[in-house]
Amino acid sequence: MVQKNDEFKLKITGYTSEGGGVGKFDGQAIFVENTAVGDEVLCHVIKAKKTYAVGKAIKIIKPSKDRIEPQCDAFRSCGGCSFGHIKYEAELEYKAQKVKDAFERIGGLSPEFKPIVASPETARYRNKAQYPVRRENGILSIGFYAKKSHRVIDGGDCLLQPEEFTEIIDIFKAWINENSITVYNEEIGIGLLRHIYLRKAFATGEIMVCAVINGTTLPHCDSLLEKLSSVDGFKTLVANINREKTNVVLGEKCINIYGDGYITDILCGVKIKLSPLSFYQVNRNGAELLYKKAAEYAAPTTEQTILDLYCGTGTIGLSMANSVKELIGVEIIPEAIEDARVNAQLNNITNARFICGDASVAAEELKNEGIKPDTVILDPPRKGCAEELLKTVSQINPQKIVYVSCDPATLARDCARLLDLGYKVKEVTPVDMFPRTHHVESVALLDKKGI
């Protein structure tokens with residue numbers, strides 16, 4: 001049995017669900033971060049359990065054919081990326097297999113799997129970033145959390161974020177130091193500035209800057225605005241009020257300091273208004289490919305009604321609205337529903353209505369109203385759908401269900417549940433929305449059995 005501080009040669013043969021390398025030594029699984037399938041490493045055991053051990057690669061004896069040199073200096077310490085050290089083609093293979101494995105092992109299903117859709121960009125693709133702000137031992141850090149901790153790694157130029165974001169972070173560092181702005185201490189709950197939250201609308205170039213504060217006012221705004229005015233695309237500055245002692249980044253209240261408090265993007269030809277609290281896919285160009293695949297599966301016609309559950313700000317449904325008789329969207333977050341209604345107005349879409357409420361409750365009410373959608377779109381959070389919702393959807397009896405998911409495990413679980421409720425998975429397409437991380441999006445088409 002492997003013991004702590006043991007050292008041995010180890011061949012990496014697979015990846016964990018979070019993108020770490022794994023190999024076997026004397027029949028025991030050894031998990032080693034920042035390794036690639038095919039690597040032969042000198043492994044030092046840092047934790048040993050009865051059924052597995054955790055190791056550290058202290059030397060790459062023979063590198064994998066997929067291994068590359070990370071382009072980011074913070075790759076090994078920052079918790080943002082899992083795959084900065086392997087070729088993108090290998091990353092895509094891992095993600096496609098991850099989706100397939102989830103369906104086979106968790107769902108007991110073997111639908112047709114289409115080739116994974118690659119992201120149009122693997123760098124600078126993110127349109128949103130939330131930077132924690134910390135001051136430790138007098139040193140100011142604005143960046144991202146280290147792996148499995150709340151220790152902030154000073155970000156520098158993150159290669160997943162737009163270059164303007166780095167410029168804005170440098171501006172905040174200068175503004176904080178020049179004006180003695182206090183920084184939040186999460187252990188004792190004091191200090192003003194908690195996070196810097198940035199969004200960019202890639203289609204229009206507009207940038208939102210949001211300061212998350214443990215207070216009610218943002219001091220020295222004029223000085224900050226003067227500096228931000230030099231950033232190409234800067235449109236609005238917002239303060240988000242979060243006075244709770246919590247790990248949740250955003251509070252419920254926003255105050256516009258400069259501009260309208262929102263930016264506008266264009267996705268699949270639809271104008272989208274984005275406020276700080278709006279949900280929006282972080283990879284805009286990848287989202288277009290995802291939504292086009294969802295539309296291909298839905299195959300909307302002008303005689304059909306589409307029910308979009310977990311609709312958020314309406315992005316998926318609105319991208320199909322001009323092709324259907326009626327679009328009904330449901331979302332529990334009031335601000336998101338308000339944004340969805342505004343987005344419909346922005347695009348002169350008159351055949352859409354949006355309901356604020358729990359998806360399960362709203363679906364039951366629509367069933368009782370006699371609403372019979374031809375297609376139901378599901379795009380739930382990572383935890384997937386509640387069993388009651390799936391039962392209600394099956395009772396509504398749509399011809400098709402198009403299920404968009406950011407978690408292959410819960411997608412596979414729910415597709416297995418839907419099989420028992422009369423729906424069979426016809427086809428699944430993985431879509432890489434999150435290059436260099438272990439996350440992968442998928443879209444599944446389910447038909448009524450016998451169709």
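1. N34 sits in the loop that joins β3 (28-32) to β4 (40-48). The model is a predicted one, and in it the phi of N34 is near 60°, which is a positive value in a residue other than glycine.

2. A second residue with this feature is A299, whose phi is positive and near 45°, again in a residue other than glycine. A299 also belongs to a loop, here the one between α4 (284-298) and β16 (305-309).

3. Helix α1 (residues 88-107) packs against helix α9 (residues 408-420) at an angle of about 40°, and their axes are 8 Å apart. Because of that angle, α1 counts as oblique to α9. The crossing of the two helices is right-handed. On the α1 side the contact is made by K98, V99, A102, F103, I106 and G107. On the α9 side the residues are P408, A409, L411, A412, R413, C415 and A416. By class, the residues of the contact of α1 with α9 are 10 nonpolar, one polar and two charged.

4. Helices α1 and α9 also belong to the surroundings of the second largest pocket: each of them, like β1 (7-15), supplies at least two residues of its lining. The largest share of that lining comes from α1, with nine residues. The space in the second largest pocket is about 630 Å³. Its lining consists of 28 residues, of which Y15, T16, Y94, K98 and D101 are the closest to the centre. The lining of this pocket divides by class into 12 nonpolar, seven polar and nine charged residues.

5. For helix α7 (residues 359-369) and helix α8 (residues 387-396), the axes come within 9 Å and cross at roughly 20°. Angles under 35 degrees count as roughly parallel, and α7 and α8 are therefore roughly parallel to each other. The crossing of α7 and α8 is left-handed. From α7 the contact takes A359, S360, A363, E364 and K367, and from α8 it takes L389, T392, Q395 and I396. The classes in the contact of α7 with α8 are four nonpolar, three polar and two charged residues.

6. Helix α2 (residues 163-179) and helix α3 (residues 221-228) have their axes 10 Å apart and pack at an angle of about 150°. Angles over 145 degrees count as roughly antiparallel, so α2 and α3 are roughly antiparallel to each other. The crossing in which α2 passes α3 is right-handed. The contact involves I168, I171, F172, W175, E178 and N179 of α2, together with S223, L224, K227 and L228 of α3. Six nonpolar, two polar and two charged residues make up the contact of α2 with α3.

7. α1 is oblique to α9, α7 and α8 are roughly parallel, and α2 and α3 are roughly antiparallel. As for handedness, the crossing of α1 and α9 is right-handed, that of α2 and α3 is right-handed, and that of α7 and α8 is left-handed.

Terms used:
Residues are numbered from 1 along each chain as its sequence is written. This is a predicted model: local features need pLDDT of at least 70, side-chain atom pairs count only at pLDDT 80 or more; totals for chains, interfaces and linings use all residues. Side-chain values use heavy atoms; hydrogens and water are left out. Axes are lines fitted to C-alpha atoms, for helices over the stretch in contact, and angles run from 0 to 180 degrees between N-to-C directions. Helices (H or I, at least four residues) and strands (E, at least two) are DSSP runs, numbered from the N terminus. Angles under 35 degrees count as roughly parallel, over 145 as roughly antiparallel, 65 to 115 as roughly perpendicular and the rest as oblique. A crossing is left-handed if the near helix is turned anticlockwise from the far one by less than a right angle, and right-handed if clockwise. Contact means heavy atoms within 4.5 Å. Ala, Val, Leu, Ile, Met, Phe, Trp, Tyr, Cys and Pro count as nonpolar, Asp, Glu, Lys and Arg as charged, and the others, Gly among them, as polar. On a 1 Å grid over the protein atoms alone, a cavity is a set of points where a 1.4 Å probe fits but cannot get out, and a pocket is an open set with protein on both sides within 12 Å along at least five of seven lines; lining residues have an atom within 4 Å of a point. Grid points are joined across faces, edges and corners, and a volume is the space filled by probe spheres set on the points.
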